[in-house]
Amino acid sequence: MRLILPFHQDVPAASFEPFTPQLFQLKNVHLNTPWNRLYMSTKVAVVTGSNKGIGLAIVKALCQQFEGVVYVTARDIGRGKETVETLVSEGLKPMFHQLDINDLSSITAAAAYFKDKYGGVDILVNNAGIAFKEADTTPFAVQAEVTLKTNFFATRDMLTHFLPLVKTGGRVVNISSFVGSRTLNQCSPALQERFRSEDLSEEELVGLMQRFVEETKKDEHKKGGWPNTAYGVSKTGVTALSFILARRLSRERHGDKILLNACCPGWVRTDMAGTKAPKSPEEGAETPVYLALLPPDANQPHGQFVSDKHVQPW
């Protein structure tokens with residue numbers, strides 16, 4: 001018998017359990033019960049944008065290698081549940097929770113869910129992102145606003161609400177790109193200096209990202225020292241944000257041994273990157289999974305940009 005759950009609850013992995021009074025009670029336990037304490041001690045991994053592409057490959061690898069519960073998340077509930085059912089048919093045991101990183105209420109609802117059920121998260125992989133095709137005729141200013149809204153500002157919202165939930169020994173992986181590094185090298189010397197500065201604050205970084213968007217609307221971004229790539233600028237921002245937040249973790253939660261890094265999965269064959277890319281999604285997942293599963297006694301890499309499992313210059 002298949003158990004049909006309300007959309008806001010997780011979809012159980014494995015073959016869907018028969019409905020029993022005990023299962024109903026488990027879904028509605030009081031916080032201070034042995035069942036809830038069991039949930040609180042369960043390790044949990046959350047991967048955004050994981051119903052397809054690199055995110056899905058990361059989920060598959062974590063299901064096979066991570067000793068805990070792995071959550072598929074997606075904007076679309078139907079697609080997310082279909083993904084879980086497919087993975088279950090392959091012998092894996094993921095769960096599902098709806099999450100649209102462009103919707104702040106969706107982020108806060110998901111954060112509350114993971115805090116209440118598990119006491120937080122052990123692994124967070126910020127994978128969700130977008131890119132316009134090269135041939136897209138959408139005005140560049142629109143591309144800039146839409147791309148940075150998802151890739152930078154929504155990712156920042158995720159980190160704002162989920163980073164406090166990361167448990168001791170947790171791992172945070174922000175999917176960036178080598179395009180962000182290349183874009184940084186194409187920025188003006190003044191911008192490069194700020195992006196590389198260890199005293200760059202989150203507030204200043206947000207201001208720089210907003211400035212880029214506003215200057216594209218006036219077609220003044222090149223004069224402002226920016227190259228003509230919205231995706232590249234968004235990923236420059238993600239990497240810089242990763243460095244800032246890693247420094248903050250080192251100051252404020254030093255004893256918690258949390259490691260946070262940005263990484264490049266490489267050029268991967270996905271709907272977003274196209275069919276000509278040399279890497280499969282499984283190959284693209286290797287570095288993110290490596291960072292997500294850094295051993296408990298590891299203290300590096302932290303606050304780095306990593307590609308092919310190696311720290312890269314910034």
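Of the 314 residues of this protein, 52% count as buried. The model is a predicted one. It contains 12 helices and eight strands. Consider the contacts between residues with a sequence separation of 6 or more: 71% of them join residues 24 or more positions apart.

In soluble globular proteins, nonpolar side chains tend to be buried together. The largest nonpolar core here has 54 residues. Tyr71, Phe114, Phe162, Phe195, Leu205, Met209 and Trp226 touch the most other members. Helix 10 gives this core its largest share, nine residues.

What does Trp226 touch, leaving out residues up to four places away in sequence? Its partners are Cys187, Leu191, Phe195, Leu208, Met209, Arg211, Phe212, Glu215, His221 and Val233.

## Helix 10 and its partners

Helix 9 spans residues 202–217, and helix 10 spans residues 230–252. An angle over 145° counts as roughly antiparallel, so helix 9 is roughly antiparallel to helix 10. On the helix 9 side, the contact uses Glu202, Leu205, Met209 and Phe212. An α-helix has 3.6 residues a turn, so residues three or four places apart point the same way. On the helix 10 side, the contact uses Ala230, Val233, Gly237, Ala240, Leu241, Ile244, Leu245 and Arg248. By class, the contact of helix 9 with helix 10 has nine nonpolar, one polar and two charged residues.

Helix 7 meets helix 10 in another way. Here the packing angle is about 100°, and the axes are 7 Å apart. Angles of 65 to 115 degrees count as roughly perpendicular, so helix 7 is roughly perpendicular to helix 10. Helix 7 brings Val179, Gly180, Thr183 and Leu184 to this contact. Helix 10 brings Tyr231, Gly232, Val233, Lys235 and Thr236. By class, the contact of helix 7 with helix 10 has four nonpolar, four polar and one charged residues.

## Helix 7 and its cap

Helix 7 runs over residues 178–186. Which of its residues are buried? They are Val179, Gly180, Ser181, Thr183 and Leu184. Their cover includes helix 8 (189–196), helix 10 and strand 7 (305–307).

Ser177 sits in the loop between strand 5 (166–175) and helix 7. This serine caps the N-terminal end of helix 7. One of its side-chain oxygens lies 2.9 Å from the backbone nitrogen of Val179. Is Ser177 buried or exposed? Ser177 counts as buried, because its relative accessible area is 6%, and the cut-off for buried is under 20%. Leaving out residues up to four places away in sequence, Ser177 touches Tyr231, Lys235, Cys263, Cys264 and Phe305.

Ser280 lies in the loop between strand 6 (259–264) and helix 11. Its relative accessible area is 13%, so Ser280 is buried. Ser280 and Ala57 are 223 residues apart along the chain, yet their C-alpha atoms are separated by 9.2 Å.

Glu282 belongs to helix 11 (residues 281–284). Its relative accessibility is 46%, so Glu282 counts as partly exposed. From C-alpha to C-alpha, Glu282 is 8.9 Å from Leu56, and the two are 226 residues apart in sequence.

## Backbone details in loops

The table gives each value.

| Residue | Backbone angle |
|---|---|
| Asp219 | phi near 55° |
| Asp308 | phi of about 50° |
| Pro301 | omega near -5°, for the bond from Gln300 |

Asp219 is not a glycine, yet its phi is positive. Its place is in the loop between helix 9 and helix 10. Asp219 counts as exposed, because its relative accessibility is 63%. Asp308 also has a positive phi without being a glycine. Asp308 is in the loop between strand 7 and strand 8 (310–312). With 46% relative accessibility, Asp308 counts as partly exposed.

Which form does the peptide bond from Gln300 to Pro301 take? The bond is cis. Pro301 lies in the loop between helix 12 (286–292) and strand 7.

Note on methods:
Residues are numbered from 1 along each chain as its sequence is written. This is a predicted model: local features need pLDDT of at least 70, side-chain atom pairs count only at pLDDT 80 or more; totals for chains, interfaces and linings use all residues. Side-chain values use heavy atoms; hydrogens and water are left out. Axes are lines fitted to C-alpha atoms, for helices over the stretch in contact, and angles run from 0 to 180 degrees between N-to-C directions. Helices (H or I, at least four residues) and strands (E, at least two) are DSSP runs, numbered from the N terminus. Angles under 35 degrees count as roughly parallel, over 145 as roughly antiparallel, 65 to 115 as roughly perpendicular and the rest as oblique. Contact means heavy atoms within 4.5 Å. Ala, Val, Leu, Ile, Met, Phe, Trp, Tyr, Cys and Pro count as nonpolar, Asp, Glu, Lys and Arg as charged, and the others, Gly among them, as polar. Buried means under 20% relative accessible area, exposed over 50%, partly exposed in between (1.4 Å probe, protein chains only). A polar contact is a pair of N or O atoms within 3.5 Å; within protein, one must be able to donate a hydrogen and the other to accept it, and residues adjacent in sequence count only if both atoms are side-chain atoms. A nonpolar core is a set of buried Ala, Val, Leu, Ile, Met, Phe, Trp, Tyr and Cys residues joined through side-chain atoms within 4.5 Å.
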